[in-house]
Amino acid sequence: FLVFVLSVLHLVGADGFHILPQRISLSRAIFAALAFHVNWLEAAHGYLPANWDVLWSLSIEEMFYLFFPLVCLVVFRRSNGRALFSVLLLVLIAMGPFARTVWTTNEIWQDKSYLGGMDCIALGCLAALLTDWLIRRDEGKSSYRSRLLVAVEIVGAGTMLLIALWPRWHWLNVIGHSGIDETMLALATCFVMIATVVRQTRGSAFTWPLRWLGRHSYEIYLTHEFAIVWGTQLYVRSDRGPLPLWYIGIALVSVLPGALVARYFSEPLNFRLRPRLSTVGSNYSSRAGVTMSIQ
C-alpha cells in the first residue's frame, strides 16, 4: 500500500516524493522495495526520497524474517538446538559493529547493511529466549529477584537516556566511532523489556502515550515522512512562527498518518490474517509480552 501511494506521488511529480530519473527509475525502486534490498540500492546509487528511504530498514528485517524460520527449522532439530541458536545470535551481535565501521568505506552501507542491522534483531531474539526461561522458572515473586529486575530496568533506561543525550565525553566518542553505540542502545532496550515482562509491570495512564506509540511504531515509522516533507515545505513557504513550535507541531502531526493506517488498514488485515490472536490474547498476556517485544 505504501509503495503504491509513493508510486502515484512520483508519477504526479509531487515535490519531495519524485525519484530523480538519472539516479534510479521508479520500476527499479519498486522492485527493490518488494525484493528487500532498498538498503543496497541506496548504497549503490544514492539516497531515494525520504518516504522511500525508510524502506531500507524494512529490507533488513524482511530478509531476517525470510531466513529466520528456515534457520530455526534446521537448528532446532538438533538436541542442542537452543544452545546452537544462541551461539548463532551471539555471532550476529558481534559482527554488527564491524559491519557498521571497518568492513566498508561506503557511508550509506555502513548505516544500512544487512549485518549492520542484524545485531539488534539478534539481541531481541535472545531477550525473548531469556524472558521465556525466567518466566518458566517462576521465581519472579522473590524479593531478591524483583530488586535485581528493577536494577536491570534502571540500567537499561539510564543507558537509553545516555545515548539519547550523548554528552560530550571522550569515551562516548570512542563508542560511537566503533559502532558499539547502536548495539548498546538495543541491549538497553532489551533490559527494559525483559524486566518489564518478567515483573509483569502494569501500564498506567501516565505511560499510555508511550505504549500506544510502541504498538503503532511501525505504521508511524513508515508514514511519518509524509508529515515531515509537507510540514517542512509549508514552513519554508510561510516562514512564520518560532522554529521549535514547528518541530513540535510536525512531530505531533506525523503520528496521525500512522494512526489512520493502523486503524483502517493494518490492524483489520492483521486480524483477518491471524484470527486466533483476537481470541487467545487475554489468556496469553505474559507470553504475548515476549512476542510483542520481538515484533
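Colleague: What is the relative accessible area of Phe98?
Modeller: Phe98 has a relative accessible area of 44%, so it counts as partly exposed. In this scheme buried means under 20% relative accessible area, exposed means over 50%, and partly exposed is in between, using a 1.4 Å probe and protein chains only.

Colleague: Before I go on, what sort of model is this?
Modeller: It is a predicted model, where local features need pLDDT of at least 70 and side-chain atom pairs count only at pLDDT 80 or more, while totals for chains, interfaces and linings use all residues. Residues are numbered from 1 along each chain as its sequence is written, and side-chain values use heavy atoms, with hydrogens and water left out.

Colleague: Ok, aromatics. How many aromatic pairs are there?
Modeller: The search of the whole structure gives 13 aromatic pairs. One of them joins Phe76 and Phe85, with 5.3 Å centre to centre and 50° between the planes, which makes it tilted. Rings of Phe, Tyr and Trp (its six-membered ring) pair if their centres lie within 6.5 Å; planes under 30 degrees apart are stacked, over 60 edge-to-face, and the rest tilted.

Colleague: Are Phe76 and Phe85 buried or partly exposed?
Modeller: Phe76 is partly exposed, at 38% relative accessibility, whereas Phe85 is buried at 4%.

Colleague: And what does Phe98 pair with?
Modeller: Phe98 pairs with Trp103, and that pair is stacked: 5.7 Å centre to centre and 20° between the planes. Trp103 is partly exposed, at 48% relative accessibility.

Colleague: Which residues form one aromatic cluster?
Modeller: Phe64, Tyr65, Phe68, Phe76 and Phe85 form one.

Colleague: What lies over the face of Tyr264?
Modeller: Arg263 does, at 5.1 Å from the ring centre. A charge sits over a ring if NZ of Lys or CZ of Arg is within 6 Å of the ring centre and within 35 degrees of the ring normal.

Colleague: New topic. How many salt bridges are there?
Modeller: There are 6 in the whole structure. The term means a side-chain nitrogen of Lys or Arg within 4 Å of a carboxyl oxygen of Asp or Glu.

Colleague: Which residue does Asp53 bridge to?
Modeller: Asp53 bridges to Lys112, and their closest N and O atoms are 2.4 Å apart. This pair links distant parts of the chain, since Asp53 is in helix H4 (residues 50-53) and Lys112 is in helix H7 (residues 107-112), 59 residues apart. Helices (H or I, at least four residues) and strands (E, at least two) are DSSP runs, numbered from the N terminus.

Colleague: Buried or exposed, those two?
Modeller: Asp53 and Lys112 are both buried. They also belong to a network of salt bridges with Glu42.

Colleague: What about Glu182, which side chain does it meet?
Modeller: Glu182 meets Arg100 in a salt bridge, 3.8 Å from N to O. Glu182 is in helix H11 and Arg100 is in the loop between helix H6 (81-99) and H7, 82 residues apart. Glu182 is partly exposed at 33% relative accessible area, while Arg100 is buried at 7%.

Colleague: How far apart in helix H8 are Asp132 and Arg136?
Modeller: They are 4 residues apart in helix H8 (residues 114-137), so about one helical turn separates them. Asp132 counts as buried, at 15%, and Arg136 as exposed, at 59% relative accessibility.

Colleague: How many disulfides?
Modeller: The structure has 0. A disulfide here is a pair of cysteine sulfur atoms within 2.5 Å.

Colleague: Last one. Where is Phe36?
Modeller: Phe36 is in the loop between helix H2 (26-34) and helix H3 (38-45). Phe36 is not a glycine, yet has a positive phi of about 65°.
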